[in-house]
Amino acid sequence: MSGIFLMVCNMSVTAVFVIVLVLLARRLLVKAPRSFSYCLWILVAIRLICPYSFSSAVSIFNLDLFRGYMTGNQGMWTGQEELSELLSFGGSGEEDKAADGQAVREADRMRGTESMSGAESTLETEEAAGIKNMSGAEGETASLTDGGSDWGGTGIEVLTSLWLLGIAGFWGFQIYSYHRLKKSVAMAYCFEKGIYECENLEVPFVMGVFRANIYLPLEITEDERRHILLHEQNHIRRRDYQVKLLAALILSVYWFHPLVWLSYHLMCEDMEMSCDERAVWGMSSREKEDYCRTLLKFASRDAGLSRLAAGQPAFGDSSVKQRIRNILDFKSPKKRAVVLGAALCIVVALMTLANGRQRLQIQCVKPPGTGEIEYEFRLDQDIKSCLIYKEYYHQGEMKSYEVVRAGNLAKAGVDKKGKMFVDVQRHLPEGNVAFMHRFEGEDAYVRNDNSWEMLGYYGYQGMAENYYLENQARWQDIEAEQNITLAAWHLQAWQDMVEGLPCQEFMDAETKKAALEKNAGEVLYYMVFSEKDAEELEAEYAVSPYAKALYEAKNPYIGDAPADERLLERIGVFPDRKRTMELETEEEPYVLKIHFEEPVQDEPSFHKKMEKNAILLLCLIDNAGGVEWTYPAGEGQRRFGCDRERAAKLMGLEKAEDIGRFAESENGVQELLTEYLGFIDPEITANSIGLGVEGAYMSPEGQPYQYSMYVVGRLPGERYDQVFQVLADEKDITIEDVAEALLKGGASKKMYVLQ
């Protein structure tokens with residue numbers, strides 16, 4: 001019974017929005033016949049009676065207001081867990097558990113940033129404690145049926161009992177009132193078939209359940225009798241006595257809901273006014289006045305609460321003042337008003353009877369901590385497949401991309417709703433981390449053979465991690481084909497701090513560009529639910545979304561400034577820096593110039609990234625001959641550039657024309673990103689010779705030097721500035737010293753040029 005009570009509470013929430021919309025529609029129907037307003041209350045009744053409905057694209061429940069809260073053809077509010085907690089008495093200690101779980105998760109994430117070399121003790125401690133991995137927090141979410149605790153469950157049971165007691169009291173009074181009224185008309189005289197006169201009556205009314213009779217007071221005039229019968233026979237013809245009984249049934253179930261009481265009152269008002277309009281149809285102004293006098297006469301008499309409570313339509317009942325004003329103002333409705341009124345009713349019906357379109361929803365029910373991470377999901381019936389892909393970035397540049405999983409859900413035995421598990425296996429001393437994933441009912445975790453991330457091999461010292469919705473305990477709407485960042489691993493280089501960025505930072509193109517620059521490396525796992533078959537979905541993701549976006553933004557003409565700017569945005573050319581763009585297109589080679597307005601702190605890193613950005617621009621703008629970039633430096637300005645010849649040389653291509661082939665397809669752009677740009681201008685490191693002096697380096701020729709550094713400047717006779725990595729015994733090396741060393745083959749007495 002508690003489940004039925006919670007369902008009633010759920011339906012009462014949905015009905016609030018339907019009632020509000022009906023109230024607004026009534027305001028728009030003031031010039032239309034009242035029968036239209038009367039019909040609108042059918043929509044409220046349906047919402048209060050039927051827990052099931054169909055889905056529609058025009059439903060009000062498609063609005064963003066309801067996203068994440070309402071789902072399914074049942075129109076169930078996904079916050080019922082919260083409702084269950086609100087209806088519970090007192091607390092169950094879950095708040096303290098949640099706080100403790102959050103503290104554990106924070107400690108785990110902080111521990112994830114420790115160095116690889118110092119992780120052995122951590123691993124041993126975890127193994128001793130029986131912790132297999134770090135991907136979920138213990139604890140359960142309270143269900144609707146158990147209330148989260150014995151005390152909470154008892155609270156719901158008490159409220160359910162009070163609800164049932166209210167229903168019993170309501171109908172006890174109704175039955176008592178009906179029998180009292182039935183007794184008062186026991187001696188009624190049958191004046192005509194279905195029409196009775198009774199000596200003790202003050203007000204005429206209709207009474208009956210399956211077959212209604214009209215009861216009239218004695219000693220009324222012929223005009224009053226005619227007016228009353230016109231009105232009450234309309235009630236019988238429309239079976240309003242049964243409608244009012246049904247409304248009383250609904251009211252008894254929702255006796256705790258003030259808007260349902262208001263709806264009942266306004267429905268009775270619309271019922272009576274629509275009957276009045278039908279009764280006075282075609283009457284003259286004088287006849288309408290006489291009708292109003294009759295109405296006012298019986299309205300002034302005490303009808304008695306007992307009869308009103310019994311729910312029988314009465315002639316002088318409900319909002320007499322408004323009824324008289326409506327009768328006197330009533331005119332035969334114009335055709336336009338009728339058509340518009342009918343159209344508005346149809347629109348309101350479509351918007352309120354249907355639930356919103358079935359949404360894809362997911363929530364994290366067991367966040368990271370000790371054990372696997374658990375998610376609950378609800379999928380649209382049209383969803384067929386799921387795909388997971390991985391992106392690896394270093395210093396904001398894509399290094400690799402691969403599809404980890406692609407499969408048809410039905411073939412894998414995955415239901416449309418259930419649980420999904422993420423397991424992260426860590427072997428910290430070796431610097432290896434693996435991502436594994438399965439749905440409820442699957443026997444084994446799914447991962448590709450190369451899913452182990454060799455973090456130590458790439459020089460990373462540790463990592464922090466974030467997972468989708470890990471700090472959000474309610475349902476989240478997602479869209480078919482949406483790229484969800486299921487996991488984000490933030491890699492730490494040397495002694496740099498690592499920032500634990502939320503997964504949502506990587507789900508928007510603009511925020512992703514900035515987020516990728518904040519840590520030395522990022523490993524991102526994305527999940528996609530689709531209405532396509534797995535084979536079609538996997539073919540679609542053969543290349544990364546980033547490569548597709550670049551391919552879509554390719555530009556055949558450098559003179560198209562908006563297209564150039566769009567390409568710069570897609571590439572992500574330092575989006576956080578102020579810049580302007582200039583095009584040099586008077587003669588070939590055509591050059592795109594980017595002018596940064598602020599000085600650069602780390603000039604070597606900035607130059608290397610810009611050189612790769614320039615290569616992308618040269619490949620994706622067909623007739624671009626060169627790319628230049630400038631920024632303030634001291635009292636002057638740095639000026640760098642890259643043309644097609646230099647791009648081909650850096651990429652190891654034989655001819656400058658060969659760089660154009662990468663823009664011929666999406667696969668070509670993906671190849672450019674992960675097979676060429678990742679290996680351009682690798683970091684040149686000198687061998688430490690261990691002379692007992694900190695920072696000693698050896699050149700390829702075997703000469704020891706004290707320092708390894710970068711020098712930025714312009715050589716004599718050169719058009720652009722350059723960046724040189726050098727070994728030296730002094731710190732104050734200038735571009736002139738580099739020029740001197742280059743004249744001597746790259747080495748001098750005090751320095752060696754590595755590149």
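Is Glu481 buried, partly exposed or exposed? Glu481 counts as partly exposed, because its relative accessibility is 26%. Keep in mind that what you're looking at is a predicted model.

## Around Glu481

Glu481 sits in the loop between strand 15 (476-478) and strand 16 (484-493). Its phi is near 75°, a positive value in a residue other than glycine. That's worth a second glance, since most residues other than glycine have a negative phi.

Glu481 also has a partner: its side chain meets that of Lys532 in a salt bridge, at 3.4 Å from N to O. Lys532 lies in the loop between strand 17 (521-530) and helix 15 (534-540), so the pair ties together parts that are 51 residues apart in sequence. Lys532 counts as partly exposed too, at 23% relative accessibility.

## The big picture

Stepping back, the protein chain has 21 helices and 27 strands. It runs to 755 residues, and buried ones make up 49% of them. Take the contacts between residues at least 6 apart in sequence: 66% of these join residues at least 24 apart.

One nonpolar surface patch, of about 280 Å², is made by Met1, Ile4 and Leu164. Ile4 belongs to helix 1 (residues 2-28) and counts as partly exposed, at 42% relative accessibility.

In soluble globular proteins, nonpolar side chains tend to be buried together. Here, the largest nonpolar core has 62 residues, and Ile594, Phe596, Trp629, Met651 and Leu673 touch the most other members. Helix 18 (residues 603-620) gives this core its largest share, nine residues.

Side chains of opposite charge can pair when their charged atoms come close. The structure holds 32 salt bridges. In one of them, Arg293 pairs with Asp290, and the closest N and O atoms are 2.8 Å apart. These two are three residues apart in helix 10 (residues 285-299), so about one helical turn separates them. Asp290 is partly exposed, with a relative accessible area of 27%.

Another salt bridge pairs Asp737 with Lys750, with the closest N and O atoms 3.6 Å apart. Asp737 is in helix 21 (residues 735-743), while Lys750 is in the loop between helix 21 and strand 27 (751-753), 13 residues apart. Asp737 is buried, with a relative accessible area of 13%, whereas Lys750 counts as partly exposed at 29%. There's a network as well: salt bridges that share partners join Arg26, Arg34, Glu269 and Asp270.

Gln395 is another residue other than glycine with a positive phi, near 55°. You'll find Gln395 in the loop between strand 9 (385-394) and strand 10 (397-408), where it is partly exposed, with a relative accessible area of 35%.

Finally, which residues does a cis peptide bond join? They are Glu588 and Pro589, with omega at about 0°. Pro589 has its place in the loop between strand 18 (579-584) and strand 19 (590-596).

Terms used
Residues numbered from 1 in each chain as written. Predicted model: local features only at pLDDT ≥ 70, side-chain atom pairs only at ≥ 80, totals over all residues. Heavy atoms only, no water. Patch = residues over 30% accessible without salt bridge, like charges linked within 9 Å, V, L, I, M, F, W, Y side chains within 5 Å. Areas by Shrake-Rupley, 256 points an atom, 1.4 Å probe, with all protein chains shown as cover. Salt bridge = Lys/Arg side-chain N within 4 Å of Asp/Glu carboxyl O. Helix = DSSP H or I, 4+ residues; strand = E, 2+ residues; numbered from the N terminus. Buried < 20%, exposed > 50% of the residue type's maximum accessible area, 1.4 Å probe, protein only. Contact = heavy atoms within 4.5 Å. Core = buried A, V, L, I, M, F, W, Y, C linked by side-chain atoms within 4.5 Å.
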